[in-house]
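Hi,

Here is the structure I promised to pass on.

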Amino acid sequence: DAKAKDGWPGLLVGDMSMPRGGPMPFGHASHQVGLDVDIWYKPMPDRVLSDEERETMPMETFLIDPGRVNPAVWTPDYAKLLRRAVSYPEVARVFVNPAIKKWLCDNVKEDRAFLRKIHPIMGHDDHFHVRLVCPADNPGCRNQPALAVDEGCGKGLDAWIAKLSKAASP
C-alpha cells in the first residue's frame, strides 16, 4: 500500500478525461483524448470534502519564482509521490513544471531511472499531469512517442530554466 511505503494519505484528483475522450466542459484540450488526469500535490485530508470545498479549495504554487521551487513548501516527499506515480506500467508520462523537474534532477541521488518518465511543461506548479498508455483493446489509440534514453536533466532543461529565471528578473 502506497501510504505504508511512502507515508502519503491519498490523492486529490483534479481534471480527468472522459472515459473515451471528448471535449471537456471548460476547454483543457490535452484532456480530450481520454488518457489524462491532473493530480494535486496537496495531500488528501482525513475527511470527505464537500462539493463546494472540492471546487473552491485553493492550490498554492510550489515555486518561489518561475525557475525555482520554494524549499519552504517543496519536500522530498513530493519526489516520492512522483516516483510512485510513474512506477505503474499504465502511466506513459507525468508532466511537471520545469522548475520541479530541475529540482528532481538536482536532488534525486539514487535510482534515477524514473526521471525519464517525468517531463517538464509550463504551468503545473501546483499539480502534476498524468498521461496513461493506450488500452490494449483500443487499436485506434496512439501512444506517446518512445521515452528518451536519458533522464531529461541536461542542457535542454537548463536552457529552459535559464530562460524562465531571466524572465523573472526585474
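To start with a cysteine: is Cys-134 buried or exposed? Cys-134 is buried, with a relative accessible area of 11% (buried means under 20%, exposed over 50% and partly exposed in between, with a 1.4 Å probe and protein chains only).

Before you read on, note that this is a predicted model, where local features need pLDDT of at least 70 and side-chain atom pairs count only at pLDDT 80 or more, while totals for chains, interfaces and linings use all residues. Residues are numbered from 1 along each chain as its sequence is written, and side-chain values use heavy atoms, with hydrogens and water left out.

Now the disulfides (pairs of cysteine sulfur atoms within 2.5 Å). Cys-134 pairs with Cys-141, with the sulfur atoms 2.0 Å apart. The S-S torsion in that pair is about -70 degrees, so the disulfide is left-handed. The other bond runs from Cys-105 to Cys-153, S to S 1.9 Å. Cys-105 sits in helix H4 and Cys-153 in the loop between E7 and H5, so this pair ties together parts 48 residues apart in sequence (helices, H or I of at least four residues, and strands, E of at least two, are DSSP runs numbered from the N terminus). Its torsion is about -75 degrees, so it is left-handed too.

H4 itself deserves a look. Of its 10 residues (98-107), 8 are buried, so the helix is largely enclosed by the rest of the structure. Among the buried ones are Trp-103, Leu-104 and Cys-105. At the start of H4, a side-chain oxygen of Asn-97 comes to within 2.8 Å of the backbone nitrogen of Ala-99.

On to charges. There are 10 salt bridges, taking a salt bridge as a side-chain nitrogen of Lys or Arg within 4 Å of a carboxyl oxygen of Asp or Glu. Glu-151 pairs with Arg-112, their closest N and O atoms being 2.8 Å apart. Glu-151 is in the loop between E7 and H5 and Arg-112 in the loop between H4 and E6, so the pair links parts 39 residues apart in sequence. Salt bridges with shared partners also join Lys-102, Asp-106 and Asp-158 into one network. Within helix H3 (residues 76-86), Asp-77 and Lys-80 lie 3 residues apart, about one turn, and form a salt bridge with closest N and O atoms 3.9 Å apart.

Cheers

Key
A polar contact is a pair of N or O atoms within 3.5 Å; within protein, one must be able to donate a hydrogen and the other to accept it, and residues adjacent in sequence count only if both atoms are side-chain atoms.
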